[in-house]
Amino acid sequence: AAVGVLPQPDTCIIFADGLRFDVAGRLQEVLETRGLRVRLTHRLAPVPSVTPTAKPVASPAHIACEETGDYGEFTPSLSATHKPSSAQRLRDEMARQGIEVLEEEEVTIPSGSQQGGWTEMGKLDSQGHALGAGLARQIVAEVDAVADRVVGLLAAGWSRVRIVTDHGWLLVPGSLPKVALPVYLTETKWARCAVAQGEIPDGFPVFPWHWNAQVQIVSPPGIGSFYAGIEYAHGGVSPQECVVPDLLVERGTELVKAKIEAVRWRGMRCRVTVTTNAPGVQVDLRLHARKANSSIVVSRKDVEESGEISLAVEDDRHEGAAAIVVLLDTGGQVVDQKPTQVGEE
């Protein structure tokens, strides 16, 4: 069963709409390359796996929602007002609980609330509905945007950032296969879910609605859709829709930052100016940036505190050759590079 998200001290929750589990795996890689510690686990989305049902469960406001509401739109109500739990009403409820609610691009220093923070972002779901299979071209940009948001919140003073979502999705170029369900057996119908009434034919999975077990939800079998021509959809019970990511991100070891500011030549000696935030960075001059055995200097040099390094080319026959100045971290990985010509004025 789906379990609601609870607030945590010093933790800002990012709700990223439609962050499917495999996309979250890419996000984890991006965050780790930025020097952050990331723990990726999973949650289960409620039935049906659509935003009106699942977003309240993914928020600390779920404790104020009641098991009634508009089942035609799959939306629970807030118990205090008996009104549908819209996005703004959920945010208002979280603020009432003492949670710091941040606007989408707002970055503020945490106030120390024991209830932590909440913010929302992400366009994967809206782009999926608008673009269909074209969503695939937007994923890298969306992942980078979430990563930037995480970095900004940690830099502002939050100890941890937790990333949650409401549901995953199915994406089939061309369209999901159409599955017919008699109209008289449904009271309301979306592409991947419907409110069942009457006796449903064999082969159609039926489940209780998360917010009211008396309401029965029917799903098309497999990756089917109740509508034709749909490339992107969610609401069903496939693993891609229902197994959703839960990431906890904390500060890690600061990434090595190094940049070649200038390259100058005096005869066969190359003088390099470097800025860096870490000791142990080295400079080399190579014919091929990624091939250590293509080095053409007597020895590569450590970057000293002054940031000035002098490299001597070992053989005059390289004069005039195209070469590349490279900066290497302590593991020997290239962190910056700059093309040059040996002996150029």
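Contact here means heavy atoms within 4.5 Å. The model is a predicted one, so to speak of local features a pLDDT of at least 70 is needed, side-chain atom pairs count only at pLDDT 80 or more, and totals for chains, interfaces and linings use all residues. Residues are numbered from 1 along each chain as its sequence is written, and side-chain values use heavy atoms, with hydrogens and water left out.

With a relative accessible area of 16%, H62 is buried, where buried means under 20% relative accessible area, exposed over 50%, and partly exposed in between (1.4 Å probe, protein chains only). Leaving aside residues up to four places away in sequence, H62 touches G4, V5, L6, P56, V57 and W211. A polar atom of the H62 side chain also lies 2.8 Å from the backbone oxygen of S59. V206, by contrast, is 144 residues from H62 in sequence and 24 Å away in space, C-alpha to C-alpha.

Next comes helix α1 (residues 21-33). Its 13 residues, at 1.5 Å a residue, should span 18 Å, and the end C-alpha atoms are 19 Å apart, which agrees; the expected span is 1.5 Å times one less than the number of residues. The buried residues of α1 are V23, A24, L27, Q28, V30 and L31. Seen down the helix axis, they fall within an arc of 165°, so they line one face of α1; the arc is that of the directions from the helix axis to the C-beta atoms. E29 and T33, on the other side of α1, are exposed. As for what the buried residues pack against, the list is β2 (36-44), α4 (124-131), α5 (139-156), β7 (160-164) and β14 (243-251). Just after α1, G35 takes a positive phi of about 85°.

Not counting residues up to four places away in sequence, D246 touches R39, L40, T41, H42, R43, R162, I163 and V164.

Now for some strand pairing, where two strands pair if DSSP finds at least two bridges between them. Strand β12 (residues 212-218) runs antiparallel to β10 (residues 194-196), joined to it by 2 bridges, with V218 of β12 as the bridge partner of A194. Another 4 bridges join β12 to β11 (residues 206-209), again antiparallel, and here P208 stands opposite Q216. β11 and β12 form a hairpin, with 2 residues between them.

Further along, an open sheet of 3 strands has the order β15-β16-β19, with antiparallel pairing. β15 (258-266) and β19 (308-312) stand at the edges, each with a single partner strand, so one side of each is left without a neighbour in the sheet. Strand β16 (residues 269-276) pairs with β19 over 5 bridges, and C270 stands opposite L311 of β19.

Conventions
A polar contact is a pair of N or O atoms within 3.5 Å; within protein, one must be able to donate a hydrogen and the other to accept it, and residues adjacent in sequence count only if both atoms are side-chain atoms.
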